[in-house]
Amino acid sequence: MNKQLWYFSADWCGPCKTFGPTMDRLEASGNVGKINRINIDHDAHALTRFGIKSVPTVILVENEQEVKRFVGAKTEQQVMEFFSLSMVMVYLLRYILKVV
């Protein structure tokens, strides 16, 4: 399974400047894997592909498919909960689909 967090931000975005260090700490901790950072001013394709309307936006992506997203700056704990709960949901859905 290839899961990643994609972090969409912009240099001019105040909340992104506040939230960026949180994402840096999470990636350094190794608890959320690789974080792909996308500056929306430099990557219009990704912006369009994922329908980004506000920044900061974080999307959990597995095998190039969106699993879940949130918009706005969060605490480190909230991002960890988002990541962990999302992965539990993915595993449960896979299990249910196998059984059915």
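This is a predicted model: local features need pLDDT of at least 70, side-chain atom pairs count only at pLDDT 80 or more; totals for chains, interfaces and linings use all residues.

Me: How many disulfides does a search of the whole structure find?
Reply: The search finds one. This disulfide joins cysteine 13 to cysteine 16, with an S to S distance of 2.5 Å.

Me: Are those two, cysteine 13 and cysteine 16, buried or exposed?
Reply: Both cysteine 13 and cysteine 16 are buried.

Me: And which hand does the disulfide have?
Reply: The torsion about the S-S bond of cysteine 13 and cysteine 16 is about 75°, so the disulfide is right-handed.

Me: Changing topic: what is the order of elements in the chain?
Reply: From the N terminus on, the order is β-α-β-α-β-β-α.

Me: What about strand β3, is it enclosed or open?
Reply: Six of the six residues of β3, residues 57-62, are buried, so this strand is largely enclosed by the rest of the structure.

Me: Which residues of β3 point which way?
Reply: Thr57, Ile59 and Val61 point one way, while Val58, Leu60 and Glu62 point the other way. All of them are buried.

Me: Why would they alternate?
Reply: In a regular strand the side chains alternate between the two faces of the sheet.

Me: Which strands are joined to β3 by bridges?
Reply: Strand β1, residues 3-9, is joined to β3 by six bridges, and the two run antiparallel. Strand β4, residues 65-71, is also joined to β3 by six bridges, again antiparallel. Threonine 57 of β3 is the bridge partner of phenylalanine 8, and in β4 the bridge partner of threonine 57 is valine 71.

Me: What happens in the hairpin of β3 and β4?
Reply: Two residues lie between the strands, and asparagine 63 takes a positive phi near 50°.

Me: Now the largest nonpolar core. Which residues touch the most other members?
Reply: Of its 26 residues, these are Leu5, Phe8, Met23, Val55 and Val58. At least two residues of this core come from each of β1, α1 (14-29), β2 (35-39), β3 and α3 (76-99).

Me: What does valine 58 touch?
Reply: Leaving aside residues up to four places away in sequence, valine 58 touches Leu5, Trp6, Tyr7, Phe19, Met23, Lys68, Arg69, Phe70 and Phe82.

Me: Lastly, how much of the chain is buried?
Reply: Buried residues make up 39% of the 100 residues.

Methods: Residues are numbered from 1 along each chain as its sequence is written. Side-chain values use heavy atoms; hydrogens and water are left out. Buried means under 20% relative accessible area, exposed over 50%, partly exposed in between (1.4 Å probe, protein chains only). Helices (H or I, at least four residues) and strands (E, at least two) are DSSP runs, numbered from the N terminus. Two strands pair if DSSP finds at least two bridges between them. A disulfide is a pair of cysteine sulfur atoms within 2.5 Å. A nonpolar core is a set of buried Ala, Val, Leu, Ile, Met, Phe, Trp, Tyr and Cys residues joined through side-chain atoms within 4.5 Å. Contact means heavy atoms within 4.5 Å.
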